[in-house]
2 protein chains.
Amino acid sequence: MEDIASRLKVKPLWFDDAERKFVWLDTRLLPWEEVYRSTTDYRRVARAIKDMEIRGAPAIGVSAAFGMALAAIYSGAGTVEELLKKLEEAKRVLASTRPTAYNLFWALERVWRRAVEAASGTSKVSEVVEAVLAEAKEIYYEDIRQNMAIGRYGAELIEDGDTILTHCNAGALATAGYGTALGVIRAAVEQGKRIKVFATETRPLLQGARLTVWELMKEGVDVTLITDNMVGYVMSKGMIDKVVVGADRITVDGYVANKIGTYMIALAANRHGIPFYVAAPTSTFDPNLRGPSIPIEERDPSEVYTVLGRLRIAPEGVKAYNPAFDITPPELVTAIITEKGVVTPPYVESIPRLLGLGARRG
Amino acid sequence: MEDIASRLKVKPLWFDDAERKFVWLDTRLLPWEEVYRSTTDYRRVARAIKDMEIRGAPAIGVSAAFGMALAAIYSGAGTVEELLKKLEEAKRVLASTRPTAYNLFWALERVWRRAVEAASGTSKVSEVVEAVLAEAKEIYYEDIRQNMAIGRYGAELIEDGDTILTHCNAGALATAGYGTALGVIRAAVEQGKRIKVFATETRPLLQGARLTVWELMKEGVDVTLITDNMVGYVMSKGMIDKVVVGADRITVDGYVANKIGTYMIALAANRHGIPFYVAAPTSTFDPNLRGPSIPIEERDPSEVYTVLGRLRIAPEGVKAYNPAFDITPPELVTAIITEKGVVTPPYVESIPRLLGLGARRG
């Protein structure tokens with residue numbers, strides 16, 4: 001079977017089988033340096049997620065799964081019961097890193113269930129360990145395949161000559177590779193469509209300027225950088241045909257948590273009649289949530305009163321507020337592109353159908 | 001007569017009578033350094049405006065007026081005709097600095113008319129020079145008095161306990177002193193109202209983070225810094241009661257050119273039913289323009305792919321776009337606060353009335 005990961009042009013994370021370690025690109029250092037880090041310690045994976053060396057909901061999910069695999073491989077457990085205890089602790093630590101991305105909890109739960117299932121059929125620690133590693137790898141490969149499927153479905157919505165605005169980085173660097181929103185753009189480009197991209201810089205951590213621009217320039221895609229507050233103006237000037245963004249969590253009724261600033265882009269797109277698309281795997285959907293009550297991570301104020309900790313931009317002693325995500329209501333979302341197809345309003349019907357959930361009655 | 005400028009807590013520019021020179025605070029260096037510069041050369045004033053050592057529509061207008069005064073004082077002209085030639089050249093140079101702020105053209109025109117008028121009544125160069133300097137000083141003192149009047153009118157719209165969001169810096173540092181939007185906040189605070197402020201950082205040049213926060217902290221006003229893309233979220237959380245911003249140019253039918261990002265804030269305010277106020281002196285109104293066709297300055301892309309030229313944030317070779325202003329349509333503007341009073345929709349009637357223009361028929 002072909003290793004689908006070998007088709008990736010940007011490969012931000014993987015499991016090194018020879019050395020039984022997890023490897024990732026430290027995205028905090030882009031675009032200045034391309035530094036790959038590795039570890040055999042799941043706590044280090046948790047720190048990489050918390051500190052945003054690894055970021056993007058799908059990448060967080062996949063990395064957490066590999067964190068569980070490392071916890072299993074290096075647990076030192078003598079019995080399966082002991083191993084499950086260690087895995088439960090690892091799950092707790094990894095789950096506490098970032099509260100908004102649903103893929104994190106989804107991936108941890110999935111690996112955990114596989115461990116419990118394996119443990120129920122064997123008393124050999126090594127067999128449970130291998131089951132956990134296999135599950136993590138399945139999540140990894142699935143993510144790449146799903147991104148490519150999202151790309152194919154999404155590219156059908158994109159026309160030759162379109163200029164697409166994207167926010168933050170929902171690219172290869174936010175996933176196991178290929179990307180969700182940028183997967184749609186990649187697929188459209190692979191189909192020979194001429195596409196231009198406007199990338200918002202995405203303060204405070206500048207994932208648009210640092211990561212999206214880096215990824216797209218690497219592949220020769222025509223990309224123009226703007227600040228977040230220019231979106232309304234470029235839309236008013238007719239410069240944008242479509243918006244495609246990723247998501248960190250989507251409720252069953254279509255509320256979308258995504259990087260702070262997404263909501264204002266959706267408002268401006270709505271005003272100017274520009275389609276606003278969200279691209280995300282189904283693992284981003286939280287089947288237990290309805291309405292705008294998604295937990296929103298607040299990060300350290302220093303991210304706001306500095307630029308990446310490298311340049312202070314406000315007086316000493318300034319107060320700052322730093323919500324990392326916002327929530328876009330369903331009425332502003334034209335369609336959601338998943339690996340299983342594209343869903344459109346009314347989401348209260350289309351999302352449960354997509355997820356195979358019984359539709360809830362009003 | 002009391003020198004009204006002596007009442008200013010932040011005094012960003014003035015004419016030094018003893019040394020016959022113009023003095024200004026280089027706002028590019030705030031909040032790191034508080035550096036005052038001075039010159040006797042109008043070309044240096046033009047450069048200070050173009051490079052944004054001096055910025056903010058009213059400050060630009062006042063500084064250009066003093067630029068004309070310097071051109072007159074140091075012209076070396078032997079005849080009134082020669083002096084007018086020199087002044088015409090200075091007017092051209094000063095007008096070419098920044099295309100959007102209407103106060104610039106208004107102030108230049110006003111000083112020029114005074115020079116022509118004086119020249120028609122005398123053949124003494126020194127008399128025309130003194131008339132020009134007197135006119136520049138009148139514009140300076142008027143600006144301070146007008147800001148205080150804007151503050152008084154605006155403060156009536158502000159309630160005790162309000163949290164006010166402002167964008168960019170429409171403060172003392174954008175005027176001869178006191179400020180327009182921040183003048184409203186200052187006046188409300190002086191009335192004993194408890195006011196909190198949210199300041200957007202205002203990329204690319206960070207006038208919010210650097211200048212508004214600096215001004216307000218200096219006076220002990222409770223200010224919280226956010227990035228531009230957080231506005232929608234904080235509004236959705238009910239954290240903002242009112243928006244007050246400045247303006248660079250307002251058309252007779254109520255289109256408002258202001259710092260890039262203003263339009264997206266107005267859209268979000270509209271969505272959440274939050275009053276959106278514009279505070280500006282009547283010299284900001286362009287009696288010759290209707291509709292959204294205000295000329296918008298595009299500045300160097302390096303302002304976008306760096307932070308203040310101090311930190312590069314995107315890969316080498318990146319393309320960037322840098323419009324410095326955007327246009328907020330009248331239907332998003334709750335009221336415009338001027339030194340002559342507050343105008344409300346329909347602006348197509350209220351603005352011509354305010355300006356004493358004959359209302360145009362539709």
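Hi everyone, let me start with one residue pair: Thr224(A) has Lys319(B) as its bridge partner in strand E14(B). That pair belongs to a pairing across the two chains, where strand E6 of chain A, residues 222-226, runs parallel to E14(B) and is joined to it by two bridges. Please keep in mind that this is a predicted model.

Now let's step back to the whole interface. How many residues does the contact take from each chain? Chain A gives 61 residues, and chain B gives 61 residues as well. Together the two chains bury about 4700 Å², with 70% of that on carbon and sulfur atoms. On the chain B side, the residues that lose the most area to chain A are Asn229(B), Tyr233(B) and Met264(B), which together make up 16% of what that side buries.

On to the polar side of things. Between chain B and chain A there are 21 residue pairs in polar contact, counting pairs with both residues at pLDDT 80 or more. One to look at on your screens is Arg203(B) with Glu201(A), where the closest N and O atoms are 2.6 Å apart.

Which elements of chain B give two or more residues to this side? Among them are helices H7 (207-218), H8 (231-236) and H9 (262-271), along with strands E6 (222-226) and E15 (325-328). H9(B) supplies the largest share, six residues. By class, the chain B side that touches chain A has 38 nonpolar, 11 polar and 12 charged residues.

Note on methods. Residues numbered from 1 in each chain as written. Chains lettered and ligands numbered in written order. Predicted model: local features only at pLDDT ≥ 70, side-chain atom pairs only at ≥ 80, totals over all residues. Heavy atoms only, no water. Contact = heavy atoms within 4.5 Å. Buried area = accessible area lost by both parts, 1.4 Å probe. Salt bridge = Lys/Arg side-chain N within 4 Å of Asp/Glu carboxyl O. Polar contact = N/O pair within 3.5 Å; in protein donor to acceptor, adjacent residues only side chain to side chain. Helix = DSSP H or I, 4+ residues; strand = E, 2+ residues; numbered from the N terminus. Nonpolar A, V, L, I, M, F, W, Y, C, P; charged D, E, K, R; others polar. Pairing = 2+ DSSP bridges.
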